[in-house]
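Hi everyone, thanks for coming. Let me put the structure up on the screen, and then we can walk through it together.

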Amino acid sequence: MSLRELEARVSAAKQDVEARGETFYPGSSRVHLAAYPPKERWNDWVELDAKAWPERKERRYVLVPTTCFNCESACGLLAYVDRETLEVRKFEGNPEHPGSRGRNCAKGPATVTQITDPDRILHPLKRAGARGGGQWRRVDWDEALDDIAGRIRKAMDEDRHNQIMYHVGRPGEDGFTERMLAAWGVDGHNSHTNICSSGARAGYHFWMGMDRPSPDHENARVILLISSHLEAGHYFNPHAQRVMEGKRRGAKLVVFDTRLSNTATHADHWLSTYPGSEAAVLLAVANHLLRTGRYDKSFVERWWNWREYLEETRPGEPLEFSAFQRALEAEYAGYTFEFAAAESGVAAETIARVAEAVAEAGTRLSTHNWRSAAAGNLGGWQVARALFLLNALTGAVAVPGGTYPNAWNKYVPRPIHMPARHPKRWNDTTWPADYPLSLMEMSFLLPHLTAERGGSLDVYFTRVYNPVWTNPDGFSWIEMLTDPERIGLHVALTPTWSETALFADYVLPMGHSAERHDVASYEQYDGRWIGFRQPVLRTARERLSKGAVSTRGANPGEVWEENEFWIELTWRIDPDGSRGIRGFFESRERPGEKLTVDEYYAWMFENSVPGLPERAAREGLAPLEYMRRYGAFEIDAGVGAVYEERVPPGELEDVRVDREGRAFTRAAAASSNNVVPMPVVEGDEEGRRRAGVEVDGVIRRGFPTPSGRLEFWSRTLAEWGWPELAVPGYSRSHVHPQNMDRDQMCLISTFRLPVHIHTRSANAKWLNEIAHANPVWIHPRDAARKGLRTGSLLRVETEIGHFVGKAWVTEGIHPGVVACSHHMGRWRLSDGPGQGEPLAGAPPGRRAEAGAVVSLDRDGGDWRMRRRMNAGPYRSADADTARIWWTESGVHQNMTFPVQPDPVSGAHCWHQAVRVGPAEPGDRNGDVVVQAGKSREAFRRWLALARPASRHSPDGTRRPYWLMRPVRPERQAYQLPEPPGEPA
Amino acid sequence: MYRALGSLIESPVAEHERLALALGLPEVPAATEHARVVRMQRHPYASVYLGAEGMLGGEVRDRVTGFRRAVGLQEEAGAEADHLASLLSLLASFDSWRLEESGAARQALLVQARDTLAWEYLLSWTGPYLASFAGCGAVFYAEWAALLGRALHEFCEEAEFPGRLPEALRTAPSFPDPAEASAQELVAALLSPLQSGMIVLRDDLERLAEEAGLAMRAADRRTVVRGLLAQEPKTALEWFASHAHGCAQRAGERGPRRIGQWWRKRALRTADLLSDNAARLRTAPA
């Protein structure tokens, strides 16, 4: 046969195979990611059992996709479910997932160790003795549901809605629970965000209306990270692979990080900035762009709200762009390289080189800040604002290689029921009027606010959240959680034991990533996708025709999922529908019956995800079947600069354009099934809604800010008490040398260890083996001065107490700064499995794998935590627990941090001014001591920095209405009480 | 077809069966056969045959990666850019892209890039490499090698190549004179196809040991060769000289004549040097 005939035969075979939706070329990992099992064989995949070696034993699997639930990236996973035993044997990446593209970090595959952890919670538990006493009894779900629903119903009937609170750590889903709270009419959403990302997000929110950056690293010329984002942080796996692709294309990587992180080691320019000085350096770069004229003047003229700035701050100047340019240059003229060098400790020449790289990048400048400096410092939110100034100056906004606003790279499908109702009451405990501009709930102040203002919660859910361990000032949380006057009933919804669950009344086991349903979508490149988390054993059973079961029926023990739990709980709160709540959780197909998760997601995928029904039909599948099979769907890519889009004529009717160029219309907005959270864009006084903003004589979509443009000058900040901070700027942090005593150092406490993720990885044995200690990084000069060596015990004194840890002497830290990862120091109060599950069968001398067993002692107002037993081996159903070789488990430093709320963003400012020295006689590794009185003093001192709405609100409301807010109450609830009450 | 042929040099998977069927090849062998014939002996990487050290990676792989980048390819080739499957896949891609391209200038550039890839990184080594499958004892791979050889031969007839030899061959270090080289240098040169002009497989060494009645250590090839030379240097050198002659005879069977000549000359020179030294050993005083 001739070669041409052979070639024709290959082509014909290829067409034939691919027409069936199957894989022709198996590919190779060296070319692309086709080395994954071909998708048409996911129902029956055969592999040799590695553990059976040298015997060649075949294992047959059904591969079921889900999404990881460890960090927020929602990377795709493929669960390998044994067809014979219906056990999950391992997890690998899902090549069909557009965000993670088949790749995972260590935490994804480690999910298998979480679901098989011998200590995991398998049954609902109810407290049997005093809170924190460690005594539990097993209850059935009905008992727990009836009890909890009864209390909630009673609170609602007595108009005590604000005593119901849901406090979430890792959401891992898009809006299900917020919509449920809206349906309940409860302003009880409380998140962890103000101890996490809200500082940076506030900075972005004030600039562009949307609160998260979506950098296009892959196409950038310069990638500027204010973080250790290649190894840890939000979306780091999807972002890291794109950063590396950008680098391969020649992009320069600039990393601001006080520590020599893994990320910094990959940088072309590593700037080890003194903590809190980042904005000064960024503004020096901005000044360089302005001085040398290398910024996108057309973009600035068209898209910045410079007219408002001139009118409000330079009333004498002509309303011309040239006047603004002069003013802009003057605004930043003081930020010289020398000034930035003096503030940051980074050489002026290095800053100049970075500035030049940024200037050369043009619009291909991708930047990112999530926590890091923004989460550490007083005024940290200004870091993100100064960072985005560089994008706004260079026009690198929603263009290839630039930074996009998240909401344009995210898709939240409209659900079957969308409660249009808003809570009638404002919750002052989470949204106190002291912090009117707080991006998110003042969650970490809860113990202080309830203690000092007399608030109480009747039903308090902690959901995949561990404030006792995660939040600052953890002893104040223990005080609150053990006080029945403040917390009536504490329900911990959690897949793992945690320090907070120890103090719960109910511990209700919720599933890990392979044991629950959720839909999530995150901004990871310029495109929009949804990922589907599903209980893989339930799906596998259905696929193998082994009988349909509920999620609870398929999961280990009685582990449940929240979707079904909340539906069930809501039905018990409103059993006859008379409260108008149950209807939001009723079936449409079977009126009067409960909504099932199958119907919920089938409806969503059929009706709200553009292109999915058609894509599924091509494979002869229903949309839900498609998502169960592939686990993810990309809606579109290359969304582009939405703000430039012309508003179509059909959306323009009786248009009015005001003097700022904002265009208002009477035409209804085009309907969208994407219900991604957005700020409120207010209409005009005559009842028109805002359609866009006029630029170049054309009405374009613009930005969802009050002005419709990028807000260089923020009227919101100016009018709500912070006129001096209305433009991107730099103010010295609370850990600036001028704000500390000479013998103090700055402690960086926020960084993650690459393989851990807060509380959730605590029961992953593989991850614990890799990382189980958090020594204190200290520079050799400081160590020599203080007589410390690597391994020395040292005492770190904060404002309210001290902790004892071990030193790690390294040049990878800025002199004058110490650093300690928050990812360690896990503890429990007794050595029983799971703190109180039946002890029968547990061997004596049992030890905790990840954390130490400690004692908690209270002497008046003082707390002391001391280790009684280190980590170590023990016998269990898992033979690996007998092989634990480490004893170190780190120190729980967060306990010793006072609350330090930023008065603008509301974010906790994590960095600490500390004194560091050798341990004192009697000190032991892991000791934590806190004086509660000092903790309260610190709270009051920081509270005094706030500018409350009662004194600074320009319109008698508690908070600018346009700002984003979870579970937004009805507008009337925004009004401050009459007469305006001064907070206590 | 190039892509299909490239895929078949990977570890066998179920999808290979329909590829083999389409190409008229025999039944796909088991993974163990692939390991014996390919993975453990005939490493399908350009760097092994075009690199001075005869080892994976190094400058050759960097050059292939650079070539991919120069033609605007950004997809992840990782550390395997010079794998035969990757190179053949890229060769096929150039033709697909050319068909999608409407501009004559772009089409010409794609043809030029395709021919450069073939000349510099494929044809420069596939001749001796494919010849090494003769007598490998695996029908599938012998036929695969013959078919790929045919396909590349036909490709050569249509393509336009530069007037000078591929870079790797032009700059190849010469085989050292065994009389002057250290034992270490000699062993390294014998196992570097680029230096010696011959491919020495583990099977070849076993044959040498058996024919000469020498003991063969269970170790890597370097250690084995060192051991063989230490036991009977004259016999071993003669055997290598004979092997080089055989390689020289097969070198011009497939592919561009100029490249074939280069490999032939190189192997013959090696044979001469080894024979001379073996003769000197014979006449040297005890």
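Predicted model: local features only at pLDDT ≥ 70, side-chain atom pairs only at ≥ 80, totals over all residues.

When I say strand or helix, I mean DSSP runs numbered from the N terminus: helices are H or I with at least four residues, and strands are E with at least two. Strands count as paired if DSSP finds at least two bridges between them. β16 of chain A covers residues 487-494. On one side, 6 bridges join β16(A) to β15 (residues 457-463) of chain A, and the two run parallel. Another 4 bridges join β16(A) to β17 (residues 506-509) of chain A, again in parallel. A:V491 turns up here too, standing opposite A:Y506 in β17(A). Is β16(A) mostly covered or mostly open? It is mostly covered, with 6 of its 8 residues buried.

Next, let's look at two sheets in chain A. In general, strands of a sheet pair through backbone hydrogen bonds, either parallel or antiparallel.

The antiparallel example is an open sheet of 4 strands in chain A, in the order β1-β2-β3-β4. Its edges are β1 (45-48) and β4 (88-93) of chain A; each has a single partner strand, so one side of each is left without a neighbour in the sheet. From one strand to the next, the twist averages 40°; angles run from 0 to 180 degrees between N-to-C directions, and axes are lines fitted to C-alpha atoms, for helices over the stretch in contact. In this sheet, 7 bridges join β2 (residues 58-67) to β3 (residues 76-82) of chain A, and A:T66 stands opposite A:L77 in β3(A). Helix α19 (residues 536-543) of chain A lies across β2, β3 and β4 of chain A, at about 125° to β2(A).

The parallel example is also an open sheet of 4 strands, ordered β12-β11-β10-β13 in chain A. Here β12 (269-271) and β13 (365-368) of chain A are the edge strands, each pairing on one side only. The twist averages 10° from one strand to the next. β11 (residues 252-256) of chain A is joined to β12(A) by 3 bridges, and A:F256 stands opposite A:L271 in β12(A). Across β10 (222-225), β11, β12 and β13 of chain A lies helix α13 (residues 348-361) of chain A, running at about 130° to β12(A).

How about two helices meeting each other? The axes of α8 (residues 278-291) and α11 (residues 321-332), both of chain A, come within 9 Å and cross at roughly 145°. A:L283, A:A286, A:N287 and A:L290 in α8(A) meet A:L328, A:E329 and A:Y332 in α11(A). Contact means that two residues have C-beta atoms, placed from the backbone, within 7 Å.

Let's zoom out to domains, whose bounds come from an automatic or database domain assignment. In chain A, the assignment gives domain 1 (1-28), domain 2 (36-104 + 515-637), domain 3 (199-409), domain 4 (645-723) and domain 5 (737-943). The centres of domain 2 and domain 4 of chain A, taken over C-alpha atoms, are 38 Å apart.

Chain B has domain 1 (2-169) and domain 2 (174-283). Their centres, over C-alpha atoms, are separated by 26 Å. The contact takes 24 residues from domain 1 of chain B and 21 residues from domain 2 of chain B.

Finally, how many residues of chain B are in contact with chain A? There are 23, and they touch 19 residues of chain A. The elements giving two or more residues to that side of chain B are α1 (2-7), α2 (16-23), α6 (84-100) and α8 (139-158) of chain B.

Notes:
Residues numbered from 1 in each chain as written. Chains lettered and ligands numbered in written order. Buried ≥ 20, exposed ≤ 12 C-beta atoms within 10 Å, placed from the backbone.
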